[in-house]
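Please consult the sequence and structure shown here alongside the text.

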Amino acid sequence: MSLFNIINLFRLSKEEEEKDTYNEIEEGIHFRGHNLWLLVCAMAIACIGLNVNSQAAVIGAMLISPLMGPVVGLSFGLSIHDKNLIRLSVWNWLIMIVTSLLASTIYFMITPFHSETSQLEAFKEATVFDCMIALFGGLAWFIGITRKEAIKTIAGVAVATACIPPLCTAGFGLANGNWDYFFGGLYYYLVNCVFIGIGTWILSIVLGYQRYYLLNSQGKSKQTTLIITVLSILVLTPSIFLTVKKWNKENFKIEADQYINKIEDRTPEIAIVNYKAFKKGDKKYLDITVLNDSTFLSKNELYEHDMLNKDIELVWHYSKQTTSTSSEIKFLQSQINDLKQKLKETEQK
């Protein structure tokens with residue numbers, strides 16, 4: 001295969017006229033009629049899904065959400081320097097944010113369930129990887145718009161970039177006075193908006209839309225490029241710190257799991273019920289609850305395990321047991337210990 005044929009494989013071609021693409025983008029900006037009703041339905045489904053920890057409901061809300069329209073319109077308007085499109089996009093974007101926050105806050109104020117579910121937790125912190133997803137989502141979205149059959153692509157991008165759950169998460173934080181969720185959800189949404197917009201802006205230039213609408217725009221294009229570059233760096237910076245934080249948390253969890261395995265291998269008679277790794281200041285702790293009681297495992301025996309990893313301090317707890325349960329466990333443990341002793345003696349012979 002020749003180099004020319006290879007290049008043709010990756011060439012992006014437009015399947016519709018520039019004006020048709022412009023009209024599609026402009027139509028997606030407005031929040032009225034079917035777009036407004038889709039937003040209302042998507043917000044309701046997303047709030048309920050986050051509230052009851054239903055991943056299927058959250059995905060369904062993302063599929064029907066029209067939240068990306070103003071974002072794409074704004075970045076496209078900046079690319080071709082269309083002031084009317086920019087104003088229209090900003091106005092509808094603000095309406096969308098205020099409406100979404102108001103609706104989600106009201107829902108989470110009246111719902112009887114106020115627990116922090118794992119689905120809510122998932123949209124509280126945006127990392128560098130979420131920035132990358134949004135960037136590629138913006139690229140895919142614009143490719144989809146330039147195609148005649150774009151519904152599948154746009155629906156897939158809506159799920160991947162997850163624009164609606166972060167706004168609902170911010171509404172949850174506002175309703176419950178939990179500012180970590182409020183600012184975390186807003187930042188997650190801002191990350192999606194900025195990097196979806198950057199993806200759209202890049203492809204509008206690559207596919208020649210900027211050149212089509214503007215003949216003498218080199219000076220304006222350089223200015224816009226500088227603004228977008230600075231904005232992307234500012235938005236990206238907090239996500240880097242959040243990524244490092246998440247990385248350290250995952251590493252600590254792995255280290256804690258390995259520590260527990262080492263303890264169980266060293267002292268098989270210890271029955272660990274549960275354990276929790278946490279940090280207090282710069283110090284790492286591992287809170288361990290054991291089923292055994294002090295008649296089988298003295299605290300001195302437990303504290304000996306502290307020397308296995310000097311970076312983590314162990315905090316031991318005996319589990320609470322009733323008298324009958326305790327006596328049964330003692331009997332079973334004594335039998336297990338006798339069997340282990342017999343096996344050792346057999347192996348030595």
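Glu 121 is partly exposed, because its relative accessible area is 36%, where buried means under 20% relative accessible area, exposed over 50% and partly exposed in between (1.4 Å probe, protein chains only). The model is predicted: local features need pLDDT of at least 70, side-chain atom pairs count only at pLDDT 80 or more, and totals for chains, interfaces and linings use all residues. Residues are numbered from 1 along each chain as its sequence is written, and side-chain values use heavy atoms, with hydrogens and water left out.

**Salt bridges**

The whole structure contains four salt bridges, each defined as a side-chain nitrogen of Lys or Arg within 4 Å of a carboxyl oxygen of Asp or Glu. The table lists pairs from among them.

| Pair | N to O distance |
|---|---|
| Lys 124 and Glu 121 | 3.5 Å |
| Lys 245 and Glu 125 | 3.3 Å |
| Asp 257 and Lys 253 | 3.4 Å |

Lys 124, the partner of Glu 121, is buried, with a relative accessible area of 17%. In the pair of Lys 245 and Glu 125, Lys 245 belongs to helix 13 (residues 218-266) and Glu 125 to the loop between helix 7 (118-122) and helix 8 (128-145), so this contact ties together parts that are 120 residues apart in sequence. Helices (H or I, at least four residues) and strands (E, at least two) are DSSP runs, numbered from the N terminus. Glu 125 is partly exposed at 28% relative accessibility.

Asp 257 and Lys 253, by contrast, both lie in helix 13, four residues apart, about one turn of the helix. Asp 257 is partly exposed at 23%, and Lys 253 is partly exposed at 47%.

**Negative patch**

Glu 17, Asp 20, Glu 24 and Glu 27 form a negative surface patch. Such patches consist of residues with over 30% relative accessible area and no salt bridge, like charges being joined within 9 Å. Glu 17 lies in the loop between helix 1 (3-9) and helix 2 (18-29) and counts as exposed because its relative accessibility is 54%.

**Strand pairing**

Strand 1 (residues 272-280) and strand 2 (residues 283-290) pair in the antiparallel sense over eight bridges; pairing requires at least two bridges found by DSSP. Tyr 275 has Ile 288 in strand 2 as its bridge partner. The hairpin of these strands has two residues between them, and Gly 281 takes a positive phi near 70° there. Strand 2 also pairs with strand 3 (residues 312-318), in the parallel sense and over seven bridges, with Leu 286 opposite Leu 314 in strand 3.

How values were computed
Patch = residues over 30% accessible without salt bridge, like charges linked within 9 Å, V, L, I, M, F, W, Y side chains within 5 Å. Areas by Shrake-Rupley, 256 points an atom, 1.4 Å probe, with all protein chains shown as cover. Lys, Arg positive; Asp, Glu negative; His and termini not counted. Charge placed at Lys NZ, Arg CZ, Asp CG, Glu CD.
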